[in-house]
Amino acid sequence: MRSPYSLQRKHGVKRIRQTAQDREAKRQREQSRIKDYLALTNVILTGKKNKDWSEDAFNLTTRILQLNPEFYTAWNYRRNIFAWINFASSHQGILKILSEDLSMTMTALKAHPKVYWIWNHRRWCLENIPDLSESDPNDNTWKKEAWDRELFVVEKMLDSDPRNFHAWDYRRYILANMPIPRPPASELAYTSRKIESNFSNFSAWHQRSKVLSSLWESGDLDESKSKEKDRNIWCAEFELIRNAMYTDPNDQSVWMYHRWLVGSSKSCLLVIAHHLIASVRECHCCLSSNNFNVFNIGCMESIVCYKRMLIKDHATDVDLAMLTRECNGMLQQLQELDPLRRRRYEDLVGTLLK
Amino acid sequence: MCANPTQLLIPLHVSYIQKLGDSKDDLAYHLSAHLRLNAIYWGYTALAIMNHPDALDREQMIDFVMSCWDQEAGAFGAHPDHDAHLLSTLSAIQILTAQDAVDKVDVDCVVKFILSLHQPSGVFAGDQFGEIDTRFLYCAVSALSLLGRLHELDKDGKREKTVEYILRCRNYDGGFGSCVGAESHAAQVFVCVAALAILDRMDCVDVDTLAFWLCERQLPNGGLNGRPEKLEDVCYSFWVLSSLSILGKVHWIDVDKLVAFILSAQDTENGGIADRPGDMVDVFHTLFGVAGLSILGYPGLVDLDPIYCMPAKLIEAKGLRKSWEALPRREA
């Protein structure tokens with residue numbers, strides 16, 4: 001977890017040995033910057049205390065936030081000035097300031113893509129775009145465009161770091177709140193693109209599971225059609241995950257998503273289980289035969305998981321003794337193959353024997 | 001000094017933490033003023049777990065905490081004249097609780113501040129500007145509990161709403177995210193599971209699925225990551241281990257390898273622990289490295305309560321101990 005501690009927490013910064021001389025040189029270098037920074041901080045906090053809601057005070061917050069985007073009190077002060085100021089009394093004035101803040105935070109995000117306070121301020125900007133529809137419906141174009149632009153911005157952010165959870169959270173927030181919502185199918189297509197460019201992107205698989213769940217839940221079709229549609233989507237998902245399985249079998253994302261898919265079709269687990277286990281086993285055999293001694297832990301873990309589900313949920317319909325024996329055999333092997341989690345496999349053997 | 005230490009260098013870490021306040025010639029010190037109160041909590045707790053609870057001056061600590069009081073909001077900011085926030089308010093309450101100095105605070109006022117941030121959905125906002133996150137929910141629940149005022153949530157169904165919100169953040173992998181719809185993340189798992197533990201609702205957790213996800217966080221080098229296919233980081237030693245400990249499954253990971261990984265991230269020259277070997281240290285990773293080692297039964301350390309991330313004895317004395325299991329303390 002990075003922020004809100006990122007400045008204090010030096011993530012990924014290499015340690016360098018400093019001599020007393022290095023330290024003294026650094027002290028000299030930073031001395032005047034510290035003095036300026038503290039003076040600016042002091043002016044701002046004094047202004048805040050004295051309820052100075054002027055444009056000058058507003059501009060000072062811009063300066064300090066460019067130096068330190070984690071100074072949350074300065075963001076708060078800035079928003080309070082915004083609420084009080086006279087220089088933004090017209091709608092045009094408000095739009096101008098908000099659009100300036102959106103560009104300012106964009107620059108800040110490029111340098112600090114994981115600072116909560118910046119993402120947070122962007123949300124505030126969007127939420128404060130005035131609604132002008134009563135006077136002139138065309139005026140709302142700006143609002144609509146601003147929200148649309150956010151999807152573009154967040155896509156850029158996810159292009160540079162496809163796992164940035166701030167960006168994914170923001171994306172979901174935009175999709176849920178934009179004035180004219182986009183159809184869920186277009187978000188499904190977005191996750192396809194992200195997954196196809198990198199099967200390891202678990203964040204994209206996660207988003208896909210959420211989008212599909214909401215598609216399944218929104219029964220806007222009549223039930224029979226909807227069921228058929230569900231089945232088609234469902235088959236397509238298994239095909240997609242099968243490809244990923246073969247491409248990148250050591251990636252946890254694949255097995256996690258496979259498990260979600262199986263879980264979401266739990267009601268028909270008995271019908272599909274054999275097919276499913278067979279397909280995972282086929283993948284496993286294929287991997288093992290390519291490289292004689294390689295056993296894929298993800299494959300084996302999944303087979304055990306589905307067999308345990310059958311034992312637990314369908315005890316009267318399956319050959320319990322055989323499934324238990326098979327699970328035990330695999331769990332013994334897994335203890336050797338995956339020693340980090342040996343004790344877990346031991347515990348699972350114990351629960352099977354009960 | 002050896003390059004790859006096999007022991008926790010306690011005296012070095014104690015002096016590293018003691019000297020943190022002397023870094024005023026360092027620009028980074030001033031740029032992190034918005035985390036000062038949190039940093040004092042991290043430093044103090046690390047010292048207490050290393051059995052040096054008196055290494056920082058008690059009066060100075062209490063005076064600093066009280067100087068962060070935000071009279072307008074009725075809670076604590078992270079630094080004098082900074083705005084009140086739940087993140088810094090929890091740190092303040094934790095420090096004052098550990099110093100037995102809660103009587104210095106207008107508790108009614110703090111409780112009012114916390115309750116005012118409860119949202120209709122059940123989550124808490126961090127401050128009056130409305131950012132929501134399960135981290136803030138944990139801060140609120142933990143602080144109310146430490147103040148002996150958790151029952152305040154019973155009014156108007158706030159308690160049920162809070163639990164409902166946590167459960168809406170649960171994903172199919174058994175983990176929890178920062179808000180509804182968000183991806184599972186080990187730190188968010190900690191805040192959600194620990195909040196459920198404080199609220200006596202561990203019956204809602206799917207232990208097998210979640211503990212599987214948590215033990216899958218261990219990588220071949222022994223370190224833990226926070227999400228699938230991400231790099232290891234010492235701070236997950238706490239987020240993952242505390243959750244596993246609440247679930248009674250610490251033994252599901254390879255203990256020796258994780259201990260070795262945490263120890264390898266120490267600065268053997270100036271003290272402190274980094275996110276991973278060879279990186280710059282900071283007080284945040286120093287606490288969470290030491291906290292992880294305590295849960296793993298590392299010799300010579302004091303027991304940590306994984307739910308409140310405070311010394312276990314203190315939490316027990318307040319009658320707040322919930323169910324959790326750390327590994328037995330080993331002999332040196």
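The crossing of H11(B) and H13(B) is left-handed, a crossing being called left-handed if the near helix is turned anticlockwise from the far one by less than a right angle, and right-handed if clockwise. In this predicted model, local features need pLDDT of at least 70 and side-chain atom pairs count only at pLDDT 80 or more, while totals for chains, interfaces and linings use all residues. Residues are numbered from 1 along each chain as its sequence is written, with chains lettered from A and ligands numbered from 1 in the order in which they are written. Helices (H or I, at least four residues) and strands (E, at least two) are DSSP runs, numbered from the N terminus.

The axes of helix H11 of chain B, residues 236-246, and of H13(B) come within 8 Å and cross at roughly 30°, where axes are lines fitted to C-alpha atoms, for helices over the stretch in contact, and angles run from 0 to 180 degrees between N-to-C directions. H11(B) is therefore roughly parallel to H13(B), given that angles under 35 degrees count as roughly parallel, over 145 as roughly antiparallel, 65 to 115 as roughly perpendicular and the rest as oblique. On the H11(B) side, B:Ser237, B:Phe238, B:Leu241, B:Ser242 and B:Ser245 meet B:Phe288, B:Gly289, B:Ala291, B:Gly292 and B:Ile295 of H13(B), two residues being in contact if their C-beta atoms, placed from the backbone, lie within 7 Å. This contact of H11(B) with H13(B) has five nonpolar, five polar and no charged residues; Ala, Val, Leu, Ile, Met, Phe, Trp, Tyr, Cys and Pro count as nonpolar, Asp, Glu, Lys and Arg as charged, and the others, Gly among them, as polar.

Chain B is assigned domain 1 (1-30 + 206-332), domain 2 (32-105) and domain 3 (106-201), with bounds that come from an automatic or database domain assignment. The centres of domain 1 and domain 2 of chain B, taken over C-alpha atoms, are separated by 21 Å, and their contact takes 23 residues from domain 1 and 17 residues from domain 2. On the domain 1 side, two or more residues are given by each of helix H1 (10-18), helix H2 (27-31), helix H13 (283-295) and strand S6 (310-311) of chain B, and the largest share, seven residues, comes from H13(B). That side of domain 1 divides into 18 nonpolar, five polar and no charged residues.

Between the chains, the contact takes 51 residues from chain A and 52 residues from chain B. On the chain A side, the helices giving two or more residues include H1 (20-49), H9 (202-217), H11 (252-264) and H15 (342-353), and H1(A) gives the most, with eight residues. The chain A residues that touch chain B divide into 19 nonpolar, 14 polar and 18 charged.

Within chain A, H9(A) and H11(A) pack at an angle of about 10°, with their axes 9 Å apart, which makes H9(A) roughly parallel to H11(A). Their contact is made by A:Phe202, A:Trp205 and A:Ser209 of H9(A) and by A:Ser253, A:Met256, A:Tyr257 and A:Trp260 of H11(A). For helix H14 of chain A, residues 320-337, and H15(A), the packing angle is about 165° and the axes are 9 Å apart, so H14(A) and H15(A) are roughly antiparallel to each other. H14(A) passes H15(A) in a left-handed crossing, and the contact of H14(A) with H15(A) has seven nonpolar, three polar and two charged residues.
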